[in-house]
Amino acid sequence: MASAVVVGAGIGGLAAAMDLLAQGVSVDVFEAHSRVGGKAGISLSDGVAFDTGPSILTMPDVFDALFDRCGATFRERVTLVAPSPVFRYLYPDDVAVDVHLDLDDTLASVASSLGSDARDQLTAFLKQSKRIWDIAGPQFVYGPAPTVGHVLGLGPAAWISMTGIDAHRTMLGAIRKTVKDKHLQWLLARYATYNGSDPRTAPATLNCIAWVELGLGGFGVSGGMHALALAMAQVIRERGGRIHLDSPVAQVLTDNRRAVGVRVHETDHHADAVVINADVAHLIADLLPGRLPTPKTERSTSGFTAVVRSRARSDRAAHTVVFPHDYDAEFADMFDARRPPAAPTVYACAQSTAHERPGWDDAEPVFLMANAPATDDDVDYSALREQVLSRAIAAGLVSADEPVVWERTPTDLAAQYPRTGGAIYGAASTDRFAAFRRPNNRTSVPGLFVASGSAHPGGGVPLCALSGVQAAKQVLRDLAKPR
Ligand SMILES: Cc1cc2nc3c(=O)[nH]c(=O)nc-3n(C[C@H](O)[C@H](O)[C@H](O)COP(=O)(O)OP(=O)(O)OC[C@H]3O[C@@H](n4cnc5c(N)ncnc54)[C@H](O)[C@@H]3O)c2cc1C
């Protein structure tokens, strides 16, 4: 029986393990921490668990297919939640825009808050956004890592259709061309931050994220986002896979230049293939130094995050975004000056509303977040923390007397996930060539594969799962070769 070890029980590692088990490969997952899920993690306060990572699930079809291949039904194991509204966007001029799961409801809400011109602009924009997704989704997201050779080999018809992915414009440039309403411009530009990128430089291809969320939908997960990781781990165990917690891998073992296993707690575990779910930078610098080139990608953004134990209230939306007075200045702070934003956009997720998470008797966990650059430097985040809390209080999302029960700075995140600098989504999409620069799921070291937000196709829960799916496919192809 062929065997594989997976280093890391984040979403990418769990997905790779599931697909390998589905194909009859024996799998051992080694996870440094004491729980599965990686950045899709939880913490606990006074007996109540809350999510500390992702808070919205897009592209649930990725998990339908993955569970299905393992003989399990995703929707029986994980219940998706559709709160209404899903998102509330609050602007400095007191305008509020609600976004719903149903696109027609969202368009009606935009018409009512911003007028029918804005609604028509959004309709036109989403038509472009869907077109990009229809072309880019199969080629750059669901498929294997793109290479220039592969794209050239597709032939003239595909090249012509490929111009539809709008890679030559920037996200923000394309948004401003179609959408004149400033409120909508900000709402749409914010999707760049879904993979930790700068909308001023990221290719307009990323405008497809607007379609993925507004057209296809963003969901909650009953019991919290971490329940997704638990469900994946359960399938792995049911299929005979072994998940070893508190098991940090110190080294990838090689024999005759091929990866043949890993060393954990001074013990060697041999396998036919090694899949690394840890950040690619950790692999290159620590686990197998000197064998792989440093990828020419840039880190995605990090963020300051906190959870407030906040009294239940009916007027709080599942997700709220509070924009600052000058959204452009936030990007200039983060990507030009590379410092925490002086006046950040504040994001809040009311976890009982969004995810039916049981809270404390009279209170629910409200997760707060502001973006900040990923960094290895020791940065003072006290001003950013103060901004996040005071702006959340001013927006009526939490009250001044409600306690912060958990918080994490980019420095803390960096300490938990080696060599990431606290990057939340792995690698960013800085320009139109970014997709080609992401590490391929099959590395140049035989027997060694990568699956995470720092590899193809990128960060965010569904894409990390697809990274695992692609890594598993490459492992299976490799195992099928005669040796
Ligand atoms: C605050 C926050 C908000 C987010 N919001 C969203 C959102 O709303 N929607 C969304 O889709 N995504 C969101 N994301 C991003 C999403 O959570 C991540 O992209 C995804 O979970 C990362 O998965 P991954 O496969 O890259 O693995 P990771 O989560 O990075 O896990 C890697 C695992 O490898 C382990 N590891 C590392 N080194 C070793 C070693 N040497 N030995 C053994 N184990 C090791 C780590 O402990 C970790 O468990 C958010 C993330 C954060 C932190």
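What follows is a short chat about a predicted model.

Q: What cut-offs apply to the model, and how are residues numbered?
A: It is predicted, with local features needing pLDDT of at least 70 and side-chain atom pairs counting only at pLDDT 80 or more, while totals for chains, interfaces and linings use all residues. Residues are numbered from 1 along each chain as its sequence is written.

Q: Where is R442 found?
A: In the loop between α17 (434-437) and β20 (448-450). Helices (H or I, at least four residues) and strands (E, at least two) are DSSP runs, numbered from the N terminus.

Q: Is R442 buried or exposed?
A: R442 counts as buried because it has 22 C-beta neighbours inside 10 Å. The cut-off for buried is 20 or more other C-beta atoms within 10 Å of the residue's own, with 12 or fewer for exposed and partly exposed in between; C-beta atoms are placed from the backbone.

Q: Which residues is R442 in contact with, leaving aside neighbours within four places in sequence?
A: F449 and Q474. Contact means C-beta atoms, placed from the backbone, within 7 Å.

Q: How far is R442 from V475?
A: They are 7.9 Å apart, C-alpha to C-alpha, and 33 residues apart in sequence.

Q: New topic: which residues of α11 are buried?
A: H226, A227, L228, A229, A231, M232, A233, V235 and I236.

Q: And what comes just after α11?
A: G240, with a positive phi of about 95°.

Q: Which elements each supply at least two residues of the shell around the ligand?
A: α1 (11-22), β15 (302-311) and α18 (461-480).

Conventions:
Two residues are in contact if their C-beta atoms, placed from the backbone, lie within 7 Å.
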